[in-house]
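Subject: Structure handover

Hello,

Here is the structure I promised to pass on. Please open it first, then read the notes below.

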Amino acid sequence: MDEVSEDGADQRPPAEDLEAGNGWIAKYLPYQLYKVTNLLNQRLHKRLKLTGVNLSQWRIMSVLRSYGRLTLSQIIEHTLMEQPTVSRVVAQLERDGIVTRHTCDEDSRVVQVQLTTQGANTFNEIVPTAFRHQKIAFETLPADELKSLQQTLRKIERNITQVI
């Protein structure tokens, strides 16, 4: 692979460059993170399918279990899901008895969502599968590297959120 500058330019003639590619994506960390995340999600999706829960439902259940009662806006913020998707999935989870919706005492226009006891039980049944999935994905990494990875990802997230 030829060296690629941050603007994507390299030294190959255009015809050869277009046919062979310049390999720039191997050095582009956002793509590597995206690829790893998608591989993890694909495998987790297969495991979740056995429980009858999809990835969107799992993400919402996970943030509700982690943070407790949240508004729809907060769920969107924590899951990075689109508003229509969150609304649809929350409605489905409510029909299934996994979550309940409450009108906020301070502002009746705001809806808050929380797990039900059934939802918490469902979450608790699934979480060992999620941890097994995580263990398999990271099994070759020593504990100090995993800790370093977590710290690095938190720093990257802070950098991104400070810019946005």
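This is a predicted model.

**Aromatic pairs**

Tyr-28 is partly exposed, at a relative accessible area of 38%. Its partner is Trp-24, and the two rings form a tilted aromatic pair. Their centres are 4.9 Å apart, with 50° between the planes. Trp-24 is partly exposed as well, with a relative accessible area of 39%.

Tyr-31 and Tyr-34 make another pair. Here the ring centres are 6.3 Å apart. The planes meet at 35°, so this pair counts as tilted too. Both residues sit in helix H2, 3 residues apart, which means that about one helical turn separates them. Tyr-31 is partly exposed, with a relative accessible area of 32%. Tyr-34 reaches 52%. It counts as exposed because the cut-off is over 50%. Across the whole structure, the search finds 3 aromatic pairs.

**The largest pocket**

The largest pocket has a volume of about 2,400 Å³. Its lining is made up of 41 residues. Closest to the centre are Thr-37, Leu-40, Asn-41, Leu-153 and Glu-157.

Which helices supply at least two residues each of the lining? They are H2 (29-49), H3 (55-67), H4 (72-79), H6 (117-138) and H7 (143-163). H2 gives the largest share, with 11 residues. By class, the lining has 25 nonpolar residues, 12 polar ones and 4 charged ones.

**Salt bridges**

Side chains of opposite charge can pair when their charged atoms come close. How many salt bridges does the count give here? It comes to 2.

One joins Arg-101 and Glu-94, at 2.8 Å from N to O. Arg-101 is partly exposed, with a relative accessible area of 33%. Glu-94 is partly exposed at 32% relative accessibility.

Another joins Arg-109 and Asp-107. Their closest N and O atoms are 3.0 Å apart. Is Arg-109 buried or exposed? At 72% relative accessibility, Arg-109 counts as exposed. Asp-107 is partly exposed, at 23% relative accessible area.

S1 pairs with S3 (residues 111-115) over 2 bridges, in the antiparallel sense.

Most residues other than glycine have a negative phi. Leu-80 has a positive phi, near 60°. Where is Leu-80? It lies in the loop between H4 and H5 (83-95). Leu-80 is exposed, with a relative accessible area of 73%.

Best wishes

Key. Residues are numbered from 1 along each chain as its sequence is written. This is a predicted model: local features need pLDDT of at least 70, side-chain atom pairs count only at pLDDT 80 or more; totals for chains, interfaces and linings use all residues. Side-chain values use heavy atoms; hydrogens and water are left out. On a 1 Å grid over the protein atoms alone, a cavity is a set of points where a 1.4 Å probe fits but cannot get out, and a pocket is an open set with protein on both sides within 12 Å along at least five of seven lines; lining residues have an atom within 4 Å of a point. Grid points are joined across faces, edges and corners, and a volume is the space filled by probe spheres set on the points. Helices (H or I, at least four residues) and strands (E, at least two) are DSSP runs, numbered from the N terminus. Ala, Val, Leu, Ile, Met, Phe, Trp, Tyr, Cys and Pro count as nonpolar, Asp, Glu, Lys and Arg as charged, and the others, Gly among them, as polar. Rings of Phe, Tyr and Trp (its six-membered ring) pair if their centres lie within 6.5 Å; planes under 30 degrees apart count as stacked, over 60 as edge-to-face and the rest as tilted. Buried means under 20% relative accessible area, exposed over 50%, partly exposed in between (1.4 Å probe, protein chains only). A salt bridge is a side-chain nitrogen of Lys or Arg within 4 Å of a carboxyl oxygen of Asp or Glu. Two strands pair if DSSP finds at least two bridges between them.
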